[in-house]
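The sequence and the model are shown first, and a description follows.

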Amino acid sequence: MRLQVERNPAPVWFGVLIPLISILLTFLLTSGFVLAYGANPLQAVYYFLIDPLSSPVRLIEVLVKTTPLLLTGVAVAFAFSGGYWNIGAEGQLYMGATAATAIGLQMQGTTAWLALPLVIVSGILAGMAWATVPALMKVWLKIDEVVTTLLLNYVAIFLVSAILNGPWRDPISQWPQSPEIAASAIFPRLIPRSRLHLGFILAILVVIGVWYVLSRTSFGLKMKAVGFNMEAARFSGIHVERTLLTVALISGGIAGLAGASEVAGIHFHLIDAISPGYGYTGIIIATLGALNPIGVVLAAVFIGLIDTGAQTVSRALGVPIYLGDVLQATLLLVTLGMLLLQGYRINVRPRAAAPAE
Amino acid sequence: MTVDLPHAVAMRGISKRFGTVVASDRVDFTLRSGEIHALLGENGAGKTTLMRILYGLYQADEGQIYMNGLPVTIHSPKDAIRHGIGMVSQHFALVAPHTVTENVILGMSPGLRLDLRQAHEAVRAAAAEFGIQVDPEATVRDLSVGQRQRVEILKALYRNARVLVLDEPTAVLLPQEVEQLFSSLRSFKEKGFSVVFISHKLHEVMAITDHVTVLRAGRVAGEVPTRDTNPNELARMMVGRSTIGTTRKPAKEPQSLPALVLEGITALGNKGLPALKEISLSVQAGEILGLAGVSGNGQTELAEVLAGIRQVTQGRVLVCDQDVTNATPQRMMAAGVGRIPEDTRANVVGQMTVAQNMVLETLDQFSQKGTLDRQAIRRYAETLIQDYQIKASPDDRVRTLSGGNLQKVVLARVLTQKPRVLVVAQPTRGLDVAATEYVRSKLLEQRGEGAAILLISEDLDEILQLSDRIAVLYEGKIMGVRTAHGASPHELGLLMAGVQKG
């Protein structure tokens, strides 16, 4: 017997089954852990996937979780479409959050009409600035952006730590967190008594904007040509370096906006853990969404859902929060695996059939 | 068919198809014991395919391989190694952070324990025996390309290879390294080893080999003892004889204005060595200048210079009196240069659609304030598809197209811009007869409309059929320019082989 793997995309109806099979597999793989904590695996699935969708309040909380993921997801998808492998959305987000806090702190006594645009723009510009260094190194010195953008994440995170333990340490509580930003700089709530804020609208607008650029503009076509085949793009007269630089800066700007949105919409001050890895999750979302803005929306909501679910599970069943993380990671891995494998078919052939004599 | 005993390898009636492409067509190849045998041919003539069949990397569709007179079956490189065949390909299979010894013994060490000192000694002894100068304890990463090649050869010999296949071994070497390789090959020969030397460099074939088998388009074009032939004959066998009786309208009155002028162009190749040396040419409006030559003599680099993607270090390029030396592709196109690239597949964006590729060079004409006019793009693509008889729809991804249809997409994209100068490289390579005829007729049509055409081709038939004048490129230099009437294939063959008449 011989196993042969060949490229052969599964039929469309199979795509509908992927989430269901993924959930089933995740359930099988993780029920042992859940049982070990003395909880009921079926209940775990309920709290993980169904409970977050069961009431408007919880549903809105899913959208709150989704907001930063939409932004980092679309930032990464945009960069990857243009052949720029931006792994640095996390660091760009931190810098956006820092700049937004700096501006937000200065806005005491101003109107929201002044404060909000300044906070938003400062976040975008800081993300762009943080993305500039690796982008220039890429186009001038041909230094691989995967490494540089990744390493700058740690620089950004430690920089924020340093600021919070130094000049911005909260004078009253002595916690490593900045003072609260001005009231006028805080994003308005979209729905009373919920945490859903202006950032969600901004994220949707950015997604629509990116979709438009990618599918309707000549710049979008040029950047995709660079992403698919850099040499052919150069041959066709596209200015490859300029395109890469533009793509990198726009991607960084979007990630920076995610940081500003988390500060002004959720936390109101800068903290160490402003992002639990939204920038890296953005890479997963962009990949899951096949670099397509509409796919990014679906993937971001999916991750937002299992993010919310992971917290619900641990609270409702009294199991450690880490068990929620295990469920979430397993579901993600299984889903990614399913998406990858659906492009292949495994044939079983009898070994005897030798080639022609 | 009888096979004489002393033949180290005899391949008989070997055929290999890839889809509809016939890479080998009933090829006979005989390697005698203790000889160096050249396998000569253009790119795509089937040299590497044939040797990959011998080494078990491909399976032949038809034919039989004999070794020392006995039929053998070779299904994998493992089989080939067992039969004493070693192959050194153009891309080395070495582990860079490991030492020479570790690379040589990789996959051969018996048992679990590895005595490195003993292995070093064994490799050192083998290197001395075969006269290969390389330090067994050196790390491969630190070795030059020539030294790495020696490690590959040593690897094959260490596995008891008696037949050594070298795929274009000199392509990566410096001149002095070539000399060292040749002296190694001569000593192998004296020890009774047989060597297959794949090449398209005529002077090397003349210098080192005993027999030459020439392949052309998957078939054997001839087999001769090296001492009975000369570069001119080999060049003609490689590129084929000219066909007689091609019909072509004579050139219009030569217009006084040279549309494309090259003045002393010098440019470096990818390895940093000069690939073009002080090339001066001019092409008149309404004229086709054919640039003939064996591949690898600077054709690719010249096409890239004129496409705006390779810098020159000296000289000037003028298009209709406008200086476009080292201009970007945009400026080249704006000056009226249309470019049909040598490797079409590499110079279109395969994942994008036919329509998108058609407008990629001229996006400004199809967008307002940065937004694409998608209707206009679609209409334009549909028109071109009809005008150029392309078998595809505007939304098909370009990579799914056949070679002929792909070339038509590129032709359509370029010719619609009414270029004043056309730079065309290998326009019919790999195309079927109908597509070839179509492309050639389009080029003649452009000539009739007054375009100045530089036709770079390795196909001498094509050059003779289409050109008004013919220039020959050899090792980055122009060997001479002839009018098409005055040029004989014999004389062109001499020039292509680097032989200048006194």
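**Chain A: burial and overall form**

Of the 357 residues of chain A in this predicted model, 48% count as buried. Chain A contains 13 helices and two strands. Its radius of gyration is 23 Å, close to the 21 Å given by the globule rule for 357 residues, so chain A is as compact as a globular protein of that length.

Taken along the principal axes, the C-alpha atoms of chain A fill a box of roughly 85 × 65 × 35 Å. Among contacts in chain A between residues at least 6 apart in sequence, 78% join residues at least 24 apart.

**The sheet of chain B**

In chain B, six strands form an open sheet with mixed pairing, in the order 6-7-8-3-9-10. Its edges are strand 6 (85–88) and strand 10 (219–225), each of which pairs on one side only. On average, neighbouring strands of this sheet are turned by 15° against each other, direction ignored.

Within the sheet, strand 3 (residues 36–40) and strand 8 (residues 194–199) of chain B run parallel and are joined by five bridges. Ala38(B) has Phe197(B), in strand 8, as its bridge partner.

**Helices against the sheet**

Helix 8 (residues 231–239) of chain B packs on the sheet, where it touches strand 3, strand 9 (211–216) and strand 10. The direction of helix 8 makes about 30° with that of strand 9 of chain B.

Helix 5 (residues 145–158) of chain B lies across strand 6 and strand 7 (163–167). This helix runs at about 165° to strand 6 of chain B.

Notes: Residues are numbered from 1 along each chain as its sequence is written. Chains are lettered from A and ligands numbered from 1 in the order in which they are written. This is a predicted model: local features need pLDDT of at least 70, side-chain atom pairs count only at pLDDT 80 or more; totals for chains, interfaces and linings use all residues. Two strands pair if DSSP finds at least two bridges between them. Helices (H or I, at least four residues) and strands (E, at least two) are DSSP runs, numbered from the N terminus. Axes are lines fitted to C-alpha atoms, for helices over the stretch in contact, and angles run from 0 to 180 degrees between N-to-C directions. Two residues are in contact if their C-beta atoms, placed from the backbone, lie within 7 Å. The radius of gyration is taken over C-alpha atoms; the globule rule is 2.2 Å times the number of residues to the power 0.38. A residue is buried if 20 or more other C-beta atoms lie within 10 Å of its own, exposed if 12 or fewer, and partly exposed in between; C-beta atoms are placed from the backbone.
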